[in-house]
Amino acid sequence: MALSFLQRSKTPIHSRIKSDDATRLRLKYDTYYHIFEKQEGTRVWKDGEEFIMLSSNDYLGLTHHPKVKEAGTKAIEKWGTSTTGARLANGGRSFHRELEEEIAAFVGKEASHVFSAGYLACASAVTGFADRKDILFADKNLHSSLWSGIKLSGARCERFSHNHPAHLRELVEFENVDSAKIFVLEGVYSMEGHIAKLPEFMKLAKEFKAFVILDDAHGFGVLGNQGRGVCDQFGLTNEVDVICSSFSKSLAGSGGFVAADQDAIDYMRSHSKQTIFSAALSPASCASASAALRVMQEEPEHRERLFSNLKRYRSILSDLKLDTWESETPAVPIVLGEKEKVYYFWKALLEKGIYTIISIAPGVPPGKDLIRTAISASHTNEDLDRIEEALHFAKSKI
Ligand SMILES: Cc1ncc(COP(=O)(O)O)c(C=O)c1O
């Protein structure tokens, strides 16, 4: 036994694991992977201590909505916990088709396909269409799921400066007019809260005949008519070829979707390995997402509350002269610029019972080390009072 352990621990991978700085520092500072033993609305409990969650993406505050919870429970009673297999092999179920039709109708596309994670959906939105011979043009600040899709597609990728159509133009002009081009964008950039300059990007797409894939994980439920997303907000739903998104933000669930023309969805189902070889979205997740989608349309008060909370939160941050990187949405970074400052600010907020997330370079551009916060419709006035007090305290500590 002892000998086999010694032999195994000699592999380069074991040495890498033992000496990894990122893991050593993460464990030392204990900044990520916290476990909470209880959750109620915006409150979470860790070791008996209560915190206000200021970093989840429950924008509309639907995680505890009775209709959303009931739909999930009923679906388990009717269908069981899983379909235990990929759709291509074991077949989908009527609840998949129903949700896909509801999503397609809501975002204004012909068809959609639902996945068991937003990450899979967004990676598939790229791998389902991009081919080795194509050229991808990607915003430098895209989410990891899209980078995974880009890498897996094998296509050449040119990165343009964040939300910078003029830079994209320079790169596209340089390429052969005949090569197949794909733009990869986000509707709302998840760390920065910036809204994509979609009208300008779409003008370029038209001029250079580029296919456009847009991840609207943080715009869906927030922007556009009833939360239809950033394409709806700009009246550009027909022009954007593929919209992908996650259920783990406004829809308060897990899973994700890709929406496009029927032909494009059929094509993706033949070409994306993540679509073909991954198990179907569970009955409970499907039913909860469906219920949340209905709530979004029938109960506008959640979005109204989200925006009134956001207004107050922004004014607190602006009074404190904290840099929010010109965020325009409920995803609000507090940019402090140095990882040490970020750490002390985060710790001070924690001490005052406010839970946030640290994001430092290389996760964000150098000099943009930040605390990532997000406001929810379910934050109460009392939550906001406590957040304000904690931010004053944290600011005094850096
Ligand atoms: C922009 C963006 N795309 C995709 C995802 C992946 O979604 P999920 O967490 O539901 O897998 C996220 C999640 O953080 C995201 O922010």
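How closely do the axes of helix H15 (residues 301–319) and helix H17 (residues 381–396) come, and at what angle do they cross? They come within 10 Å and cross at roughly 15°. This is a predicted model, where local features need pLDDT of at least 70, side-chain atom pairs count only at pLDDT 80 or more, and totals for chains, interfaces and linings use all residues. Residues are numbered from 1 along each chain as its sequence is written.

**View 1. The whole chain.** Here we have 17 helices and 14 strands (DSSP runs numbered from the N terminus, H or I of at least four residues for helices, E of at least two for strands). Along its principal axes, the C-alpha trace spans about 55 × 55 × 55 Å. A compact globule of 398 residues would have a radius of gyration near 21 Å, and the chain's 22 Å agrees with that (taken over C-alpha atoms; the globule rule is 2.2 Å times the number of residues to the power 0.38).

**View 2. Helix H15 beside helix H17.** Axes are lines fitted to C-alpha atoms, for helices over the stretch in contact, and angles run from 0 to 180 degrees between N-to-C directions. H15 brings Asn 309, Arg 312, Tyr 313 and Ile 316 to the contact, while H17 brings Leu 384, Glu 388 and Leu 391 (C-beta atoms, placed from the backbone, within 7 Å). That makes 4 nonpolar, 1 polar and 2 charged residues (Ala, Val, Leu, Ile, Met, Phe, Trp, Tyr, Cys and Pro count as nonpolar, Asp, Glu, Lys and Arg as charged, and the others, Gly among them, as polar).

**View 3. Helix H7 against helix H8.** The axes of H7 and H8 (residues 144–153) come within 7 Å and cross at roughly 40°, so the two helices are oblique to each other. From H7, the contact includes Gly 118, Tyr 119 and Cys 122; from H8, Ser 145, Leu 146 and Ile 150 are among the partners. By class, this contact has 8 nonpolar, 7 polar and no charged residues.

**View 4. Around the ligand.** Of the 14 residues around the ligand, Gly 118, Tyr 119, Ser 190, Ser 246 and Ser 248 come nearest (a residue is near if its C-beta atom, placed from the backbone, lies within 6 Å). Helix H7 (residues 118–127) gives the most to this shell, with 3 residues. Sorted by class, the shell has 4 nonpolar, 8 polar and 2 charged residues.

Methods: Two residues are in contact if their C-beta atoms, placed from the backbone, lie within 7 Å. Angles under 35 degrees count as roughly parallel, over 145 as roughly antiparallel, 65 to 115 as roughly perpendicular and the rest as oblique.
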